[in-house]
Every structure is written in structure tokens, then in C-alpha cells.
Amino acid sequence: MQGVKGEDKIILDKAESKALKLRSRALLFSLIHPVRSRLVLSLFVVILSQMLRVAGPALIALGIDWALPAAIRQETTPLFLVVGGYLFAALATASLISWFLRFAAKINQDVLLDLRQRIFKQTQRLSIEFHEKYTSGRVIARQTSDLDAIKELLASGGNEMIAGVFYMLFTASALFLLDPSSFGILAISWIPLFFLTKWFQVNSRLKFRQSRVASASLIVNFVETMTGIRAVKAFRKEKANQSLYEILSEEYRDVTVKVIQLFGYFGPGLLLIGNMTVATILLFGGTRVLQGELGIGVLTAAIIYARRFFDPMENLAMFYNSYQSANSSLEKISGVLQEKPTVLEPKASTKLGEIEGRITFNNVSFNYSNEVKVLKDLKLEILPGQTVALVGTTGAGKSTIAKLVARFYDPTAGEVLLDEINLQNISSTDLRKTVVMVTQEAYLFSGSVAENIALGKPSATPEEIEAAAKAVGAHDFIMELPDGYSTDVNKRGGRVSSGQRQLISFARAFIADPAVLILDEATSSLDVPSERLVQQGLKTLLNSRTAIIIAHRLSTVAIADRVLVLEHGQVIEDDTPEKLISGTGKFSKMHKAWRDSLV
Ligand SMILES: Nc1ncnc2c1ncn2[C@@H]1O[C@H](COP(=O)(O)OP(=O)(O)O)[C@@H](O)[C@H]1O
Ligand SMILES: [Mg+2]
């Protein structure tokens, strides 16, 4: 089983990783495109707010060096101007940032909504082939933890990063304009800052990746234990699971500790560089003040700027990490989004008239994506109204034939016809009405029993629903449920046995009234007494339509008009059950063995 290219792999070659980046960038662009004008507006507001925020210390310098001396000379206007300006800048900054945060929240969540809905739509649109190779656990991870990583980034980090970058840029520029020599000292501090940041970046990328891998294997282990809890209990695997889980969770703790410890170096390192810079500016600025070359106000402002310059750094570093995980999530999501359905809608579909229900396999060859030939040159004709049983060893290709008739897959070569029409030329809507497949799974959706039956025919009346249930022998047990047909199948008391679930899915198929019905091991959860009960319902269900049944129990096979014995994708026997039983072939042996087992 292979997944989507590039997905979940840690090491990629150059071309692969480039393709991955392009794919994920294209997705990012398509997400941003619809909100681009709002994005430009919010960027403009951020820039303005950060400019005003940086104006504060310059006004303080003005206040100390110009307004204060004037006030001492009894001229108070400059002081009022400066204080007024300071207050105005503070108010304007606060309201602009507030507006930006609220505005950005809306943009971010719109982008997230778009992505969320795209993933859902895509995973529903993709063919069975995708879902048979891409485990549901991974689909769930795309829709949950990956979306969460992106949400995390959008919710906090993103806004802070944009604001922080501009803040640092403007702070440095203001210092440069105010006092170039102090700016020079700040610029020298960028050398250790560069090395510290580089060190952090390299290490945190590594450690964060380890942490994501550790957390993923922890989750996978947990999900597998829980979904297989019956097997775990049956085979007493608790102890082994427990120790594996302990190892994995300890690994996760250790790598998380290392991640957090990185900040234990980075934060204080920043603080140290910042304070050294301030001290140096104070030292050199102080001597210039003593020599009368520099105003005290300017020095004060220079110190504030130099100190504040480092403020956003720690947040930026945090942002870098959420950026890393959001980025890898986006890459995985883009992998799912670029998958194409393998079963395509016909360009010009053939209108279906009255359907007889003849199924023809014309030299059909088939293999799954692993290239192992399952069917080779299969020729088969099933007549309208015929009930055909497929029997054969596990892996013979019975379900594969069923999936080809339902067009979950297309043949690799040859064609499958319904009444002389290639299935590939029938619209999926028509096909779903015509061909219905019931499997062992018999899935019930949350809702009432009646709703679950009506899935086969959304317009069904309560009478029709009851008639369908009666026809397949499901009525009696439904009436014993707490609320009868209105019982919620997910509520206590509404929980039904797997055999009862299969009866409900029979009623669902009966009410859909398809021309072709496929039952793939659909009776295997029934015990022998219930199966007897269903026999009659099954006959009603199979009556007046073409049917393909795959069943292990030969009593079910006996109701067929015709039995096909399959081996390695080839039909090795093909006749009525009676003839095959009286013969000397494989089916006759199977039948004898089965009869012997009954006595
Ligand atoms: N989704 C799949 N991907 C790859 N191989 C598959 C898949 N499903 C079935 N196969 C293989 O195809 C062969 C036929 O399988 P199947 O038709 O399910 O057999 P049966 O229903 O007769 O037990 C088996 O060898 C099986 O391993
Ligand atoms: Mg099967």
C-alpha cells in the first residue's frame, strides 16, 4: 500500500521536495487569492499602527529636550503639543491594532473555512481507490490536527509576526534618524543576534520535527489500540501495548523537554544581547551628553528604542515553530487536494431507458495499483433477472468483480456493460439508482431506523419504509426497539446487533429497488436461525432483478439460479447449483464438506 507522494515521508530527494513546495505554495496562493484585497488593507493598517507605536519615544525626546526647557521658561504650549501628540499616537495605535486584530481574525477564519470545506468536498469526491489505500486515520488527521496546526498559526502567530517585523523595522529606522551613532551600536548587536537566531532556527527545526514525529506515532498507536480494542482484549495485548505506549510517550516527553529547553537558551540570550546593547548605548551616549553633543531626551529615546527592538524576537521565534508545523500540514493537505478521482464521470452520458439488467464482462483484466493481476481476460454474461452466486477461496477475486459491476473501479482492460452500455458512459446518478451494492459493513448513519432505511429512496413514505422492512423480515425486531421506527440508532436502546444492521441494510436496498443488486458477504453476520428467517426476505429482495451474491454459507448459495466458482480470478465452474452438486467438481466437494459439517 502506498500513500500520496511525499506524504508522511521524512526524507525526500531534491526534485520531490521541490514539487512538494510548489504544490503547497500553489494551494496557499489559491487560498489567499479570494481575500487579497482585505489582506492589502489590513497590511496597510498594520504598517500605520506600528509607525504610530514607534513615534512614542521620539516624542519623549522632543518633550525632554525641547518642551521641558520651554516650560521652564514659562512657555507651556510645546509641552501641551508633545503630550497631546503622545496621547494621540497612543490612542491611535491602540485603536488601529484593535481594528487590525478583529479584521484579521475574520480573514484568517475565512481562509480556514475555505480549506476545511475543500478537504471535506475532496475526500468525498475521490474514488473508492483513494479510500482503500489512504487509511481513514490519515484522512482524519488531515481534517483535524493538520487544520489545527494551520489554525494555530493563523490565530496568533501570523498577526504577531507581521506586526513584529514592521515594529522592528520602524524602531531601527527611528533610531537611525534620531541618533546614527546609537543605531551603529544596535547594528553591531545584530552580529551575535544573527548567530543566536541561526542556532535556534537550526536546532528548533530539528527538534520540532522530532516532536511532530513522536506525537504522530503516539497518536497512531493510541488510535490503533482503540480501534482494535476487541483484538487487544481477546489476545491479552494490554501489557505489551502498555509498555510500547510508555516508551513512545516518554520519547515524546523527552523531545518536548528539549524543544522547551531551547527557549531556555534563546530567551535569556536575547535578553543579554539587548541589555548589553543598552549598556553600550548608555556608555557612549552618556559621554556625548557630558560633552554637550547629545540631548538627554535623545539619549533616553535611543535607549528605549534599543531595548524595544528586541521585544518581538521571542514571539518571532515561537512563530517560526508554528510556521514549521503549519507548513508541513499544508504540504500534506495539498497532497490530498491534488488527488484526482480515478473513476470519472462520462463527458456525454448515455440516457438509460427501461433497464433489463444484463451484465457483460468483455475480456476484462484488472489490477489494483500494486500491479498484481487480479482478473485476466474475464468473459462473463449475467442474464437479466438471474441470481448468480460467486463462490471461491478468499482472495479469488469475488469482491473485485462486485466492485467492477458497481463501478467503484474501472477495468484496466476490456469493458463492463450494463444492457450493452459501457458503465463508463452511464452517469453516476443513473448508475447509483441502477446498481446497488450491500456489503458486510452495513453502515448505519446517526438518525432513526426509518431514516436509515429511507436512504435507499429519500422520498419514501412511512408505509413504504414499513413495507420494505416487512419484505426482508426486519419489521419484528424494529417494533421491539424502544421507539420502533423512530429509534435513534446511536442512542442507548437503539443499538442493534450486526445481524439486525444487515437486515436494515437489506430494507434499504429493497426500497431502492435497483435493477442490479450485489450482496457481498451481506449475510455473513447472521446466525443460522436468523439466516433461515432472512431466506424468505432474501428471495423477495432478489426477485425480479439481476443479483450477484457472494456468500460463504452454501445454504444462501442454494437460492441462486447459477453458481460461478472462481479461482485466481478465473471462472472454473459455471452451472446451476443442483448440477454442480451432483457433479465431481470443486463446488460439489465444498458442498459435501459443508453437509458433513452439519451432522
Ligand atoms: N484495495 C486493494 N488493493 C490492492 N489489492 C487488493 C485490494 N483489494 C483486494 N486486493 C487483492 O485482490 C485479490 C482479490 O481480492 P478480492 O476480490 O477482495 O477477493 P475475495 O473477495 O474473493 O476474497 C486479492 O489478492 C487481494 O489481495
Ligand atoms: Mg471479498
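Q: How many helices and strands does the secondary structure of the protein chain come to?
A: This is a predicted model, in which local features need pLDDT of at least 70, side-chain atom pairs count only at pLDDT 80 or more, and totals for chains, interfaces and linings use all residues. Residues are numbered from 1 along each chain as its sequence is written, while chains are lettered from A and ligands numbered from 1 in the order in which they are written. Helices (H or I, at least four residues) and strands (E, at least two) are DSSP runs, numbered from the N terminus. Counted that way, the protein chain has 20 helices and 10 strands.

Q: What is the order of the strands in the open sheet of 4 strands?
A: Two strands pair if DSSP finds at least two bridges between them. Strand 1 (residues 359–367) and strand 4 (residues 413–418) pair in the antiparallel sense over 5 bridges, and one of the links joins F361 to V416 in strand 4. With antiparallel pairing, the order of this open sheet is 2-1-4-5.

Q: Which helix lies across strand 1, strand 2 and strand 4?
A: Axes are lines fitted to C-alpha atoms, for helices over the stretch in contact (C-beta atoms, placed from the backbone, within 7 Å). Angles run from 0 to 180 degrees between N-to-C directions. The helix in question covers residues 398–405 and runs at about 120 degrees to strand 1: helix 11.

Q: Which element gives the largest share of the shell around ligand 1?
A: A residue is near a molecule if its C-beta atom, placed from the backbone, lies within 6 Å of it. The residues around ligand 1 include E132, Y368, K398, S399 and T400. The largest share, 3 residues, comes from helix 11.

Q: Is A442 buried or exposed?
A: A442 sits in the loop between strand 6 (435–439) and helix 13 (449–454), and its phi is positive, near 40 degrees, though it is not a glycine. A residue is buried if 20 or more other C-beta atoms (placed from the backbone) lie within 10 Å of its own, exposed if 12 or fewer, and partly exposed in between. A442 has 20 such atoms within 10 Å, so this residue is buried.

Q: What does D513 count as, with 15 C-beta neighbours inside 10 Å?
A: D513 is in the loop between helix 16 (498–512) and strand 7 (516–520). Its phi is positive, about 50 degrees, although D513 is not a glycine. Because it has 15 C-beta neighbours inside 10 Å, D513 counts as partly exposed.

Technical notes. Contact = placed C-beta atoms within 7 Å.
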